[in-house]
Amino acid sequence: MDILLQQIINGLTTGSVYAIVALGYTMVYGVIQLINFAHGEVVMIGAMVAFTVIMAVAGAGLPLPPVVIVLAGVLAAIPVCMAIGYLLERLAYRPLRHAPRLAPLITAIGMSIVLQHLALLVWGRDPLAFPQIMENASFVIGGAAISSVQIGIIVLSVAMMAGLTWFVYRTKFGIAIRATAEDVRIAALMGIDANRVIAATFIIGAALGAVAGVMVGTYYGIAHYTMGFTLGLKAFSAAVLGGIGNLAGAMLGGIVLGLVEALGTGYIGEFTDLCQWPLVGDALAERCAADGHAVLFGSNYQDVFAFLVLILVLVFRPSGLLGERVSERA
Amino acid sequence: MNQSVKVLSLSVAAAVAMFGCGKKEEAPKPAAAPAAPAVTVVKIGHVGPLTGGIAHFGKDNENGVRLALDEINATNPKLGGTPVKFELVAEDDQADPKVGNTVAQKLVDAKVAGVVGHLNSGTSIPASAIYNGAGIPMISGASTNPAFTEQGFKGVFRVVGRDDQQGPAVANYLISTAKPKTAAVIDDATAYGEGLANEVEKTLKAAGVKVLPREKGTDKTVDWKAVLTKIKGKKPDVVFYGGMDATGGPLLKQARELKIGAAFAFGDGGCTDKMAELAGAAAEGLVCSQAGIPVQAAGKQFLDGYRAMFKMDPIIYSPFTYDAAKLLVAAMQKADSADPAKYLPALQAIDYNGATGNVKFDEKGDRKDAEMTIFTMKDSKITPLAIIKSGKSLTLDEYAALGTAGK
């Protein structure tokens with residue numbers, strides 16, 4: 001039971017990060033139906049900028065509490081990522097707003113490669129070890145360990161998701177975003193500055209991404225210029241899983257994906273251990289007797305689960321778990 | 001970029017050179033380039049990952065070769081009566097077997113006289129077929145998977161030990177110190193990681209230790225929590241990981257966060273000071289092995305030269321690639337030719353005292369009597385505990401007293 005609880009804690013932590021990154025994909029898609037493939041790279045740059053600042057502040061030898069140092073990293077990463085998010089929209093996507101759907105998509109992939117290589121030039125090719133300044137206290141609950149970083153990630157993610165929901169549903173600008181998502185032209189006729197709203201979705205998504213980048217960096221203790229790719233792909237899967245364009249869907253999709261990944265990795269080995277299944281077990285009796293196990297799928301299938309779930313959802317519920325709006329979008 | 005320009009500008013001279021020291025060795029030098037002095041260029045290839053998560057290993061290996069060739073060129077070497085200059089052609093295989101084969105073909109096309117590398121067993125093994133087909137000898141200074149020299153290729157050598165020596169060495173150390181009842185073995189699903197993990201598992205099982213079903217990640221995995229949680233439930237006494245430090249660092253850190261108290265042991269891929277940086281305090285007490293002598297025990301000339309040239313300490317296997325490059329040249333000088341067909345017999349029969357001690361090859365191309373070293377992480381530095389030579393366990397001082405790596 002404690003192992004199950006531990007896997008759920010692991011899954012919730014990675015799931016929270018996926019959810020925050022997925023929000024960046026889904027907001028942009030909701031407004032201009034563009035899959036911003038460069039978003040994963042924005043997250044990576046957030047981690048890299050935070051790394052540089054944290055190293056500089058920690059290296060300065062000031063008697064600051066670790067939380068303040070990490071906060072300094074986050075506060076530096078957010079504006080940088082916001083600026084990148086804005087520039088992406090302004091320079092790469094806005095000129096293509098009325099081009100065929102494929103053009104901005106290819107541009108997005110191109111921007112992703114550009115950002116990745118920019119990071120390679122600035123931060124080099126070695127994996128960067130995030131400084132271990134946060135005292136990583138582990139607490140034991142019901143036999144499962146949860147670290148202060150994990151608590152921080154989950155709490156911060158929930159707070160950001162709540163904040164974003166409040167912003168989109170309870171403020172005037174949020175209403176403008178939803179109106180633009182509904183129909184850009186009609187919203188413009190009602191006096192909404194569509195360009196401003198679209199730029200804002202990029203900026204908000206990038207700010208969330210910056211925080212996610214710092215979370216990933218502190219959680220795994222490592223940052224690398226290629227880290228945005230897989231993370232972005234999984235967050236994108238999470239957004240599609242929940243129903244792309246739908247905020248609650250991205251949050252749910254992220255959490256579900258994190259849990260599926262953790263539980264899948266944790267239990268597939270035991271589940272596909274052929275020795276426990278009567279019929280196959282007899283056929284492999286010799287190997288089972290010698291080894292005790294004949295595992296068909298092992299934990300190296302970790303990265304496969306995200307995409308397996310994505311395929312299953314797309315087959316049986318093409319609009320995603322909560323995505324009733326996709327059909328009208330596509 | 002720099003490299004390719006250099007290679008390009010030399011290609012004219014080199015084409016003449018290869019022609020010269022190739023098949024038509026006896027023929028008088030065909031009117032060597034009129035203006036330039038009659039120095040023949042002999043190209044030596046080096047391949048290792050220079051980008052990606054383990055680029056620091058690749059660069060360290062390349063530095064060893066660079067230093068060796070620099071030292072040799074300073075002695076104004078001659079082959080067949082003509083002055084020669086050894087030129088390094090360094091390539092990046094990104095630790096990827098597909099890229100490894102491409103750059104191997106590139107080196108063959110560039111007509112290198114010999115190759116030092118590759119680094120990862122996963123790239124060395126497929127690339128060796130390409131070099132073998134072209135008749136170019138290769139010496140790896142880091143590939144430890146036994147299969148590398150078991151293919152029956154005549155021109156394939158290694159100056160480090162094999163994983164069927166390294167695996168038992170580290171496993172036996174664990175058995176004698178941690179006295180485990182249950183062990184977990186994890187690998188990164190590469191030829192190296194999986195091969196070494198298999199050897200460790202074999203030795204543990206032979207000693208009556210219960211080994212849990214194998215867990216795997218990839219050579220890019222940084223999230224090990226799910227795997228480790230599963231392992232935690234089985235309460236192993238020791239955990240062995242076959243993989244590199246870029247993935248091993250996060251693994252160790254996450255294991256301690258999950259409060260797994262087991263002793264951890266890594267192979268040579270996770271046996272660097274970088275582990276302390278990546279895993280922080282969690283790295284203390286880690287046991288790891290290298291398939292050779294520790295860098296501290298390497299020859300003084302090498303250590304001084306390396307520090308002077310690169311302004312840093314060697315990381316792990318640069319003494320071995322340094323020796324590998326020197327072995328190639330020593331064999332060429334013995335045969336008085338850079339033609340692989342002529343110097344290969346001299347390389348097979350070589351008896352050379354290098355920075356890593358005496359080097360002789362057996363008929364497979366493995367180093368005879370290769371040392372193994374067991375380390376532990378102490379104060380963020382990997383510290384050698386025991387050097388295993390000819391079945392005997394020596395301390396660093398005892399090994400130094402033998403004076404084998406004097407040069």
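**Close-up views of a predicted two-chain model**

View 1. B:Val170 sits in helix 5 (residues 163-178) of chain B. Helices (H or I, at least four residues) and strands (E, at least two) are DSSP runs, numbered from the N terminus. The model is predicted: local features need pLDDT of at least 70, side-chain atom pairs count only at pLDDT 80 or more, and totals for chains, interfaces and linings use all residues. Residues are numbered from 1 along each chain as its sequence is written, while chains are lettered from A and ligands numbered from 1 in the order in which they are written. B:Val170 is buried, because 30 other C-beta atoms lie within 10 Å. Buried means 20 or more other C-beta atoms within 10 Å of a residue's own, exposed 12 or fewer, and partly exposed in between, with C-beta atoms placed from the backbone. Setting aside neighbours within four places in sequence, B:Val170 contacts B:Val200, B:Ala265, B:Gly267, B:Val287, B:Ser289 and B:Ile374. A contact requires C-beta atoms, placed from the backbone, within 7 Å. B:Ala246 lies 76 residues from B:Val170 in sequence and 20 Å away in space, C-alpha to C-alpha.

**View 2. The two domains of chain B.** Domain 1 covers 2-160 + 296-359 of chain B, and domain 2 covers 164-290 + 372-402. These bounds come from an automatic or database domain assignment. The domain centres, taken over C-alpha atoms, are 31 Å apart. In chain B, 15 residues of domain 1 are in contact with 20 residues of domain 2. Helix 4 (residues 121-134) of chain B gives the largest share of the domain 1 side, three residues. That side holds seven nonpolar, eight polar and no charged residues. Here Ala, Val, Leu, Ile, Met, Phe, Trp, Tyr, Cys and Pro count as nonpolar, Asp, Glu, Lys and Arg as charged, and the others, Gly among them, as polar.

**View 3. Where chain B meets chain A.** The contact takes 32 residues from chain B and 31 residues from chain A. On the chain B side, elements giving two or more residues are helix 2 (55-73), strand 9 (215-216), helix 7 (225-234), helix 8 (245-257) and helix 9 (274-279). Helix 7 of chain B supplies the largest share of that side, seven residues. By class, the chain B side has 11 nonpolar, 10 polar and 11 charged residues. The model scores ipTM 0.83 and pTM 0.84.

**View 4. A helix pair in chain A.** The axes of helix 5 (residues 148-170) and helix 6 (residues 172-182) of chain A come within 5 Å and cross at roughly 75°. Axes are lines fitted to C-alpha atoms, for helices over the stretch in contact, with angles from 0 to 180 degrees between N-to-C directions. Helix 5 and helix 6 of chain A are therefore roughly perpendicular to each other, a term for angles of 65 to 115 degrees. Helix 5 of chain A contributes A:Phe167, A:Val168, A:Tyr169 and A:Arg170, and helix 6 of chain A contributes A:Gly174, A:Ile177 and A:Arg178. This contact has four nonpolar, one polar and two charged residues.

**View 5. Confidence along chain B.** Chain B averages a pLDDT of 88, and 90% of the residues score at least 70. pLDDT is the predictor's confidence in each residue, from 0 to 100. Helix 1 (residues 2-21) of chain B is lowest, at a mean of 45, and strand 5 (residues 138-140) of chain B is highest, at 97. Over residues 4-33 of chain B, pLDDT stays under 50. Where pLDDT is low, the predicted coordinates should not be read in detail.

Notes: Contact = placed C-beta atoms within 7 Å. Parallel < 35°, antiparallel > 145°, perpendicular 65-115°, else oblique.
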